Every structure is written in C-alpha cells, then in structure tokens.
Amino acid sequence: MELTGAEILVRCLKEEGVEYVFGYPGGAVLHIYDEIFKQKDVQHILVRHEQAATHAADGYARSTGKPGVCLVTSGPGATNAVTGIATAYMDSIPMVVFTGQVPTSLIGNDAFQEVDAVGITRPCVKHNFLVKDVSKLAETIKKAFFIATTGRPGPVVIDVPKDVTAQRTRFRYPKSVKMRSYNPTVKGNPRQVKKAVELMLKAKRPIFYTGGGVILGDGAAALTQLARQLGFPVTNTLMGLGGYPSSDPQYLGMLGMHGTYEANMAMHHCDALIAIGARFDDRVTGNVQKFCPTAEIVHVDVDPASISKNVKVDVPIVGEVDSVLKQMLAVLEEHGGQPDAKAMEEWWTRINEWRGRDCLAYDRSGDAIKPQYVVETLHKVTKGDAYVCSDVGQHQMFAAQFYGFDKPRRWINSGGLGTMGFGLPAAMGVKFAHPKETVCCITGEGSIQMNIQELSTCLQYGLPIKVVNLNNRFLGMVRQWQELFYEGRYSMSYMESLPDFVKLAESYGHVGMQITDPKDVEGALEEAMKLKDRLVFMDFLTDREENVYPMIPAGAGLNEMILI
C-alpha cells in the first residue's frame with residue numbers, strides 16, 4: 001500500500017504509541033495537519049507559541065519517561081522551538097521534534113520561511129535529520145525514537161520538506177533499527193562494579209551524590225535499597241530531587257549553590273564520593289579546584305563523555321543507572337560485608353552537628369508573606385503528592401528547598417539551561433499525562449509572563465493547573481546577585497509595570513486570586529485545590545527582598561557558603 005509522507009508520519013506516531021503531539025500549524029506542515037485531522041488515535045494539542053509546544057512535550061516526557069513529541073512549521077516555527085529543544089538537551093529529556101521545511105527544490109534559495117533547521121539545532125540536539133526522500137521517512141522516524149530514548153536520552157529533530165509529505169511510497173515501519181555507530185552500554189563492567197563496592201565498604205566518610213540520571217534511568221528504587229542497606233548519607237542535585245525520599249533520615253537535602261549546609265559540608269569532607277547519574281556541573285562543584293579534596297570518586301553514568309569531563313574520577317562505570325545499581329546490590333549480597341560501624345557512627349555524628357545549623361530557617365515574623373512559607377504550605381495542603389513544575393529564579397530554589405519530594409518524576413524544572421517561561425507549558429504536558437493528579441506551577445512574576453499566552457491553551461483543553469505566583473515585584477535572583485555582588489545597583493531588575501494578574505487570569509476564563517496576608521495563605525491554597533475543574537492563578541505578594549540561602553558565591557568551594 002502506498003501512502004503519502006504525511007500519512008506515513010502519522011502512522012509512525014501510532015506505531016510508537018504516541019498519545020499527544022504538541023504543536024502549531026503553518027504552511028510547510030499542512031499536509032501533516034490534514035492527516036492528523038482524519039484520525040483520532042494521536043491527539044494534537046494546539047499551543048499558542050512553538051516554544052510552549054517543546055516545553056509541554058518536555059513536561060510530558062519528564063513526568064512519564066516516554067518521549068515527548070512536537071510538530072512545528074518551517075522558519076520562525078523552527079526557530080521558536082530552539083529554546084525548548086536546548087532546554088531538553090541540557091537536561092537529557094527524550095523528545096522527537098518534527099520541523100516543517102520548504103520544498104526540496106527551494107532549499108538553499110532563501111525561500112519564504114526557510115531556515116537551516118538542521119544547522120541551527122545541531123549544537124543542542126542528540127541528533128537531527130533532514131529527510132529528502134519519502135522512502136526513508138519511516139526508517140528515519142524509527143531511528144529518531146530509538147536515539148531519543150536510549151543511552152543518555154535527548155531531543156532528536158526531524159526536518160521534513162513539504163514536498164516529501166506529499167510524495168507517495170510503500171509504507172513499512174521497521175520493528176527495530178541497528179546503527180553501527182550507536183550502541184549504548186547497558187550493564188557496567190563487572191570488575192569496575194566490584195571495585196566500586198570494595199571502595200564503598202572500606203570508606204569512613206562516604207556519601208551518595210545522585211543526579212537526574214537516577215530519575216531518567218528509573219533507578220530510584222534500587223538507589224534507595226542500596227543506600228539503606230549501607231546506611232550511607234544521600235544528597236540530590238536539583239535534577240535528582242525525588243530520586244531518594246526527602247523524608248528519609250539518611251537524606252541530607254539538595255547540594256550545590258543553594259544546597260543545604262549539611263549536604264555541602266558532607267560532600268566537602270567525604271572520603272568516598274559515589275556519584276550516580278550526575279554530571280558534576282558548576283552549580284554543584286563550585287570551584288573544581290576545591291571540590292571534595294579528600295575523596296576517592298566513583299562515577300556511574302550512561303554517557304561515557306560525562307565521566308571525568310569536569311572532575312577526574314577514580315572508578316568510572318559506564319552503564320544504565322538502574323542496571324549498575326542492581327549489579328552493586330548483587331555484589332554486596334554475594335560477597336557480604338558491611339561498612340565500618342564505628343566510623344559510620346562518627347560520620348553521622350558529624351553530619352548531625354552540621355544539620356544542627358538549621359540552614360533553611362527563615363524569619364517568620366512580620367506582615368509580609370514569605371515565599372518559603374507558601375511552598376511549605378503548598379506541601380502541607382497537597383500532602384507532598386503533587387506534580388510540581390517550576391519556572392526559573394528564586395521561586396525555583398524555594399520550591400526545591402521546601403517542597404519535599406518523596407517520589408521520582410514529581411519535580412519538573414529546567415535545571416541545565418535555566419529557561420524562564422518553562423513552568424506553565426511544562427505543567428500542561430504533565431496534566432495531559434496525569435489528568436487525575438494535582439499539577440502545580442510555582443512561578444514568579446517575571447517568568448510567568450514569558451509564556452503566559454498558554455493560559456489560552458489551558459482554557460481550550462480544560463486543564464485545571466494551580467499556578468502559584470510568588471510575586472516579589474522584582475526579578476528576584478537578579479536582584480539578589482545585585483544586592484550581594486554589585487553593591488545594590490538594581491539595574492533592570494525591577495518590574496515597574498506589572499499587570500493585574502487576577503484580572504489577566506480572569507480575562508482568559510480562569511479563576512484569579514491575590515493573597516497579601518500570611519494568615520490567608522493556607523486558606524487560599526485549600527480553596528484552589530477544591531476547584532478541581534478550574535485553573536486557579538494565585539498571586540501571592542511576597543516579601544520583596546527575601547533572599548535564597550544558603551548560597552555559594554562564584555569561585556568558592558562547597559565549604560564556603562553564605563548563610564543567613
């Protein structure tokens with residue numbers, strides 16, 4: 001049976017079990033949109049901006065582990081999607097992005113709405129394709145989904161010229177693909193795994209440093225079992241929150257620039273650092289010359305390019321996180337052995353002394369709403385069981401510090417790229433994936449305006465997201481840095497013409513609330529949660545000059561934190 005390229009594309013999506021395609025139509029992709037119209041298996045979600053399409057697909061992927069899919073037109077459609085593609089790339093999120101392209105005969109002619117999508121996206125994708133032959137389309141799509149979801153996940157772009165979507169060929173969707181140049185390692189080298197376990201058992205001051213790879217690699221259960229069996233302390237990166245239960249007594253909190261005192265001090269003074277699915281980025285290490293000066297380092301990662309990239313390690317292990325952790329558990333069971341009980345007792349005594357600093361304490365007096373209190377209360381009202389999406393800034397750090405995550409895939413944020421405008425469209429993707437769950441977007445008055453037009457999408461599809469706007473009338477993190485490091489010169493960090501968010505939310509057909517008194521915070525959140533079928537935009541007017549602490553200044557070590 002011969003099908004058009006557009007028919008083939010849609011059939012391939014069905015074969016891959018794709019539920020939703022997030023996108024925005026345009027001339028180059030109209031054949032595809034026509035085929036989407038003719039079927040009901042794959043639902044298209046119309047966003048209001050292509051960046052939002054990529055973030056929604058991203059949120060869907062982060063919360064499910066399945067690849068997110070989006071479809072945009074050529075030219076500005078493709079360029080508008082680049083920020084979301086880069087966001088997914090930095091955080092290793094599996095996505096397949098279809099971009100329309102001008103007809104093959106016009107490529108290179110500066111045709112209307114032509115851009116070199118492959119060239120533009122090359123630095124921020126795992127791989128990309130330009131399909132010039134309709135007979136190659138099905139196989140290319142199969143390769144794209146395989147590449148996006150295996151090894152270290154990431155976004156893959158498929159650029160499809162308009163004439164290719166109109167041409168016909170016989171349809172056959174391959175059941176599998178093999179590529180000589182791409183064979184991700186699954187299991188860790190047994191000798192390296194044994195060496196890592198031996199290092200852990202002889203350690204006097206060990207710590208598990210765990211990142212987003214634990215979430216992406218579905219390794220949370222195995223990590224929890226291993227950490228509890230050994231009795232080691234555990235810290236998460238920003239991307240790893242939920243990979244180990246935050247309510248567990250072995251959990252030290254997040255580490256890094258805005259991590260807890262006990263997590264950073266334990267990292268600095270450890271003698272055995274077991275890094276699982278983490279990439280030693282600058283927000284975690286601080287000054288690499290001062291990073292973990294007395295530690296032997298084990299590094300487990302699915303991506304060999306990440307190992308010893310920023311920090312030299314002693315025991316490298318390439319493999320999928322869940323598989324390697326289970327190998328470690330098997331070695332422990334086979335060979336027995338436990339860490340030095342006396343040394344571990346002394347180590348925990350020292351850690352608990354650092355815990356005694358209560359580094360996340362904040363001033364609860366006064367008439368102003370504290371952003372930390374809003375997040376704490378949100379945790380209380382939702383019983384810690386919501387999907388929490390965030391934008392980027394102070395509110396993101398407050399969410400990470402004060403909303404304790406006990407489960408993986410509940411914390412959805414842009415960690416690597418730090419993309420303002422991510423939160424609301426990502427929450428849309430999460431809500432489509434989990435329609436019966438509570439989905440909250442913690443944002444700020446700066447970030448929310450970057451993609452606020454998606455309130456229209458939320459109305460069209462009836463998405464009852466709860467928006468928590470921590471409104472301090474500043475670009476908060478910019479203002480904090482200007483206060484601490486630029487002698488209080490608040491250059492362009494003050495938002496002098498903010499909208500009335502309540503009226504704005506209502507103009508989109510949603511419920512708006514403004515909360516100005518700390519006594520009303522809990523009641524407002526409870527009222528919003530009771531409105532099961534409405535999006536509620538809660539505008540909390542918070543303390544204008546509250547800062548995020550602890551904080552490690554640029555160039556400092558993990559033991560050189562600024563505390564309140």
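Trainee: How many aromatic pairs does a search of the whole structure find?

Mentor: Rings of Phe, Tyr and Trp (its six-membered ring) pair if their centres lie within 6.5 Å; planes under 30 degrees apart count as stacked, over 60 as edge-to-face and the rest as tilted. Searching the whole structure gives 17 aromatic pairs. This is a predicted model, in which local features need pLDDT of at least 70 and side-chain atom pairs count only at pLDDT 80 or more, while totals for chains, interfaces and linings use all residues. Residues are numbered from 1 along each chain as its sequence is written, and side-chain values use heavy atoms, with hydrogens and water left out.

Trainee: Why is the pair of Y20 and Y60 edge-to-face?

Mentor: The planes of Y20 and Y60 stand at 75°, with ring centres 6.2 Å apart, so the pair is edge-to-face. Helices (H or I, at least four residues) and strands (E, at least two) are DSSP runs, numbered from the N terminus. Y20 is in strand 2 (residues 20–23) and Y60 in helix 3 (residues 50–64), so the pair links parts of the chain 40 residues apart. Y20, F22, Y60, F432 and Y461 form one aromatic cluster.

Trainee: Is Y60 buried or exposed?

Mentor: Buried means under 20% relative accessible area, exposed over 50%, partly exposed in between (1.4 Å probe, protein chains only). Y60 has 5% relative accessibility and counts as buried; Y20, at 16%, also counts as buried.

Trainee: Which ring does the charged end of R357 sit over?

Mentor: A charge sits over a ring if NZ of Lys or CZ of Arg is within 6 Å of the ring centre and within 35 degrees of the ring normal. R357 has its charged end over the ring of Y261, 4.7 Å from the centre. R479 lies over the face of F474, 5.7 Å from the ring centre.

Trainee: How many residues of strand 17 are buried?

Mentor: In a regular strand the side chains alternate between the two faces of the sheet. In strand 17 (residues 439–443), 5 of 5 residues are buried. V439, C441 and T443 lie on one side, C440 and I442 on the other.

Trainee: Which strands pair with strand 17?

Mentor: Two strands pair if DSSP finds at least two bridges between them. Strand 15 (residues 387–390) pairs with strand 17 in the parallel sense over 4 bridges, and V388 stands opposite C440. Strand 18 (residues 466–471) also runs parallel to strand 17, joined by 4 bridges; there V468 is the bridge partner of I442.
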